[in-house]
Amino acid sequence: MSDPDATAAATARSYPCQSCGATLEYAPGTSAMRCPYCKREQPIAPAARRVREHGYAELAQMPLKSREPAGAARLFVCPGCQARTESDTLSERCQFCATPLVADAGATGRITPEAIVPFGLDRNGARAALRTWTSSRWFAPSTLKKVTEAETFKGTYLPYWTYDADTISDYTGQRGDHYWETEEYTVTTNGETRTETRQVMRTRWSHASGTVSRAFDDVLVAGTTRVASEQLEKLTPWPLDQVIPYQEHYLAGFQTVRYDIEPEDGLDLAKEQMSPVIESDCRDDIGGDEQRVHSVGTRYSDVAFKLVLLPVWFLSYLHGGKSWNVMVNAHTGEVIGRRPYSTAKILAVTLAAVAIVTVVTLILIRNSAR
């Protein structure tokens, strides 16, 4: 890192409006910045480069930078009011005048973002997604449908790693082929015993081994521990084919979390995602009716990575005197999060199911007694 002091102050970048002097913010769903006061828009010039993957070997060649520990804070000096805001993010708002602040990405981490998926949904889009979500929850209290407004809004870019790799995997296992045998068995009816036959499925196992290959593209791994990975997985899919080159303009007005999972650790997590896909390829290669995979040895080549920023709205809403948190994929509108359940509705459905089972059982008993 260019600044050895993790808490050193640095003047953050902002973008003044040429009409009224206020600070421009990125306008979701567009390729422009907009003034929140006079609504003047300023186009964001397309980047003069393309998004590219970085060869994994580049990590060893990168100049050493002192790494900030996860959660280390930096001091942003607001260009508007000169106030200092302490934050561990890449972009934030001044805590005094709310001016959007964007830090120099090259000075805040070992790897700078390569690409970004800009916010596609603005606040109104996030509100609409919340209304749709609250009105479609099963077993939710009827009053939940009346929730149409979020208590808090925070638009945040989260860091993700993507990985490409060519893999060659040698495996050993067994192939199971089904066949049928005729089996005799005895049946006793009204005191009389007789022999009957039936077809029984057996499995013939044989040794199997071979080699499979697969090219992986854009295996996605969250680069932050601030949000549970299990939750983030529910926000997928992300349109990674629509990423554009990273430009700081798209961060203005939004919070941007810095990565705290290093690319080497991210690759280990990516390999965990690749593993079941490779095992499935092995099973397909073995063939037969059943398969057993005993061992898989995988060689990785042409490994590449990049750091991507993806947009999420973090919302909270009030219901029953309690605050509930949700996340919205700010490109697709997918909503995940916590919601209340109606005990009365669950009880009613349970009782109805028990009643149906009871009626069906009584009918069956009555018919069998005839």
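**Close-up 1. Helix α2 in the predicted model.** Helix α2 has 13 residues. From first C-alpha to last, α2 reaches 18 Å, close to the 18 Å expected at 1.5 Å a residue. The expected span is 1.5 Å times one less than the number of residues of the helix. Helices (H or I, at least four residues) and strands (E, at least two) are DSSP runs, numbered from the N terminus. This is a predicted model: local features need pLDDT of at least 70, side-chain atom pairs count only at pLDDT 80 or more, and totals for chains, interfaces and linings use all residues. Residues are numbered from 1 along each chain as its sequence is written, and side-chain values use heavy atoms, with hydrogens and water left out.

Close-up 2. Gly125, Ala126, Ala129, Leu130, Trp133 and Thr134 are buried in α2. Seen down the axis of α2, these buried residues fall within an arc of 165°, so they line one face of the helix. The arc is that of the directions from the helix axis to the C-beta atoms. Asn124 and Thr132 are exposed on the other side of α2. Buried means under 20% relative accessible area, exposed over 50%, and partly exposed in between (1.4 Å probe, protein chains only).

**Close-up 3. The largest pocket.** The largest pocket holds about 540 Å³ of space. It has 21 lining residues, and those closest to its centre are Glu25, Arg93, Arg123, Phe254 and Trp313. The lining divides into eight nonpolar, five polar and eight charged residues. Ala, Val, Leu, Ile, Met, Phe, Trp, Tyr, Cys and Pro count as nonpolar, Asp, Glu, Lys and Arg as charged, and the others, Gly among them, as polar. β2 (25-26), β8 (89-93), α2 (123-135) and β11 (152-189) each supply at least two lining residues. β11 gives the largest share, three residues. On a 1 Å grid over the protein atoms alone, a pocket is an open set of points where a 1.4 Å probe fits, with protein on both sides within 12 Å along at least five of seven lines; lining residues have an atom within 4 Å of a point. A volume is the space filled by probe spheres set on the points, which are joined across faces, edges and corners.

**Close-up 4. The β2-β3-β4 sheet.** Three strands form an open, antiparallel sheet in the order β2-β3-β4. β2 and β4 (41-43) stand at the edges with a single partner strand each, so one side of each is left without a neighbour in the sheet. Two bridges join β2 to β3 (residues 32-34). Glutamate 25 has arginine 34 of β3 as its bridge partner. Two strands pair if DSSP finds at least two bridges between them.

**Close-up 5. The β11-β12 hairpin.** Antiparallel strands β11 and β12 (residues 192-222) are joined by 29 bridges. Threonine 162 has leucine 220 of β12 as its bridge partner. Two residues lie between the strands of this hairpin, and asparagine 190 in the turn has a positive phi of about 50°. Glutamate 183 sits in β11 and is partly exposed, with a relative accessible area of 25%.

**Close-up 6. Strand β14 and its partners.** β14 (residues 255-257) pairs with β11 in the parallel sense over two bridges. Threonine 156 is bridged to glutamine 255 of β14. β14 also pairs with β8, in the antiparallel sense, over two bridges. Here threonine 89 has valine 257 as its bridge partner. Four of the five residues of β8 are buried, so β8 is largely enclosed by the rest of the structure.
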